[in-house]
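Here is a friendly walk through a predicted model. Keep the sequence and the 3D view open as you read.

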Amino acid sequence: MRKILITLSAGLLMAVCGACSDEPKPVSVMDEWLADSASIKVAVMPTIDCLPLYVAEELGIFEREDVSVRLYPYQAQMDCDTAIQSGWVDGMMTDLVRAERLQQQGTPLHYATATALSWRLITSRQARIKMLPQLDDKMLAMTRYSATALLADKLVDSVGLKPERVFRIQVNDVAVRLDMLRTGVMDALLLPEPQATAAMQMESLSLYDTREKDLRLGVMVFSQKVVADSLRRHQMDALLRAYAAACDTLNATGLGRFRDLIASRCGVTPVVVDSMPQDIVFPQVEEPRQSDMDVAKTWLNGN
């Protein structure tokens, strides 16, 4: 009996000491689920328009605004669409064409702010396309029902080419699209930053840049369910304050301060970041312009 008591006492002491240990406890699936469900979730892409969110996370601005934010990275915008349609995320970074189409398909959205998303038309060195009319009988990588599809139509129309003479190839993954240029598979591509700059380092040509046009199609959207829920609306407002603060920081310091962050989140080399346009401006929180929304709606209705 004495030995039994000693053994029980030793076991109890070890249990108590274990409970008092400073060693981290494994996080349970339930803990993860609770933390995730309490956060506001946003689908993001490896593109420069998402940088203010990455900076807000990196610098702890979300914490300062007392909001828990989970960023879910995707390589293709259609995956972001699926995530918000299914309710897996509360918001996403996208373009007005895709957002308008989702609404037409029955997913009500709230347009929180316009973003710095832009695109360049990049042509392959092997294809020897130096002017837009030379897109005739060439392959152009884009994504259906997106700003890139709208831009492809505008570019083809601007030089009087027959639509069927430019072969629009759907390539949803931006990294795959860039690889197709690298391997010489594609003649021309519509790419956002920093992938457009990465393409330029392959001795490619840039024939069109939306930053030089009065066309702003980038947008951050949230499900209307977020707006209808007081707690989620509060979280969204706090997220937007953090986003605005990150935009201020980026506009004040430039991209160089976040060289490594851009490289890691966007899947490019630091050398690519160094070569990116240094005049990129991250707009403050403001609703998309009606003129840009009209462009997206008109194009969708015609397609």
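R128 sits in the loop that links β5 to β6 (138-142). Its backbone is worth a look in this predicted model: R128 has a positive phi of about 55° although it is not a glycine. Most residues other than glycine have a negative phi, and most peptide bonds are trans. Is R128 buried or exposed? With a relative accessibility of 67%, R128 counts as exposed, because the cut-off for that word is over 50%.

D137 is found in the loop between β5 and β6 as well. D137 also has a positive phi, of about 65°, although it is not a glycine. The relative accessible area of D137 is 43%, so this residue is partly exposed.

## A five-strand sheet

Five strands form an open sheet in the order β7-β6-β8-β5-β9, and the pairing is mixed. Which strands stand at the edges? They are β7 (166-170) and β9, each with a single partner strand, so one side of each is left without a neighbour in the sheet. On average, neighbouring strands of this sheet are turned by 25° against each other, direction ignored.

Strands of a sheet pair through backbone hydrogen bonds, either parallel or antiparallel. Both senses can be followed here. β6 and β8 run parallel and are joined by two bridges, with A188 in β8 as the bridge partner of L140. β5 and β8, on the other hand, run antiparallel.

On one flank, four bridges connect β5 with strand β8 (residues 188-191) in an antiparallel arrangement. To find this pairing on screen, look for T123, which stands opposite A188 in β8. Four bridges also join β5 to strand β9 (residues 205-209), again antiparallel. There, R120 has D209 of β9 as its bridge partner.

Helix α8 (residues 174-182) lies across β5, β6 and β8, and runs at about 150° to β8.

What kind of peptide bond joins E193 and P194? The bond is cis, with omega at about 5°. P194 is placed in the loop between β8 and α9 (195-200).

## Strand β10 and its partners

Now turn to strand β10 (residues 218-223). Six of the six residues of β10 are buried, so the strand is largely enclosed by the rest of the structure. G218, M220 and F222 point one way from β10, while V219, V221 and S223 point the other way.

Strand β3 (residues 91-95) pairs with β10 in the antiparallel sense over five bridges. In this pairing, D95 stands opposite G218. Strand β4 (residues 109-114) is joined to β10 by five bridges as well, and these two strands run antiparallel. Here A114 has V219 as its bridge partner, and Y111 stands opposite V221. Strand β4 is itself mostly covered, with five of its six residues buried.

## Two helices that cross

Two packed helices are described by the angle between their axes and the distance between the axes. For helix α6 (residues 96-104) and helix α14 (residues 290-301), the axes come within 9 Å and cross at roughly 60°. That angle makes α6 oblique to α14. The crossing of α6 past α14 is right-handed.

Which residues of α6 meet α14? They are L96, V97, E100, R101 and Q104. On the α14 side, the contact is made by D292, M293, A296, K297, W299, L300 and N301. Together, the residues of the contact of α6 with α14 divide into six nonpolar, two polar and four charged.

Key:
Residues numbered from 1 in each chain as written. Predicted model: local features only at pLDDT ≥ 70, side-chain atom pairs only at ≥ 80, totals over all residues. Heavy atoms only, no water. Pairing = 2+ DSSP bridges. Axes fitted to C-alpha atoms, helices over the stretch in contact; angles between N-to-C directions. Parallel < 35°, antiparallel > 145°, perpendicular 65-115°, else oblique. Left-handed = near helix turned anticlockwise from the far one by under 90°. Contact = heavy atoms within 4.5 Å. Nonpolar A, V, L, I, M, F, W, Y, C, P; charged D, E, K, R; others polar. Buried < 20%, exposed > 50% of the residue type's maximum accessible area, 1.4 Å probe, protein only.
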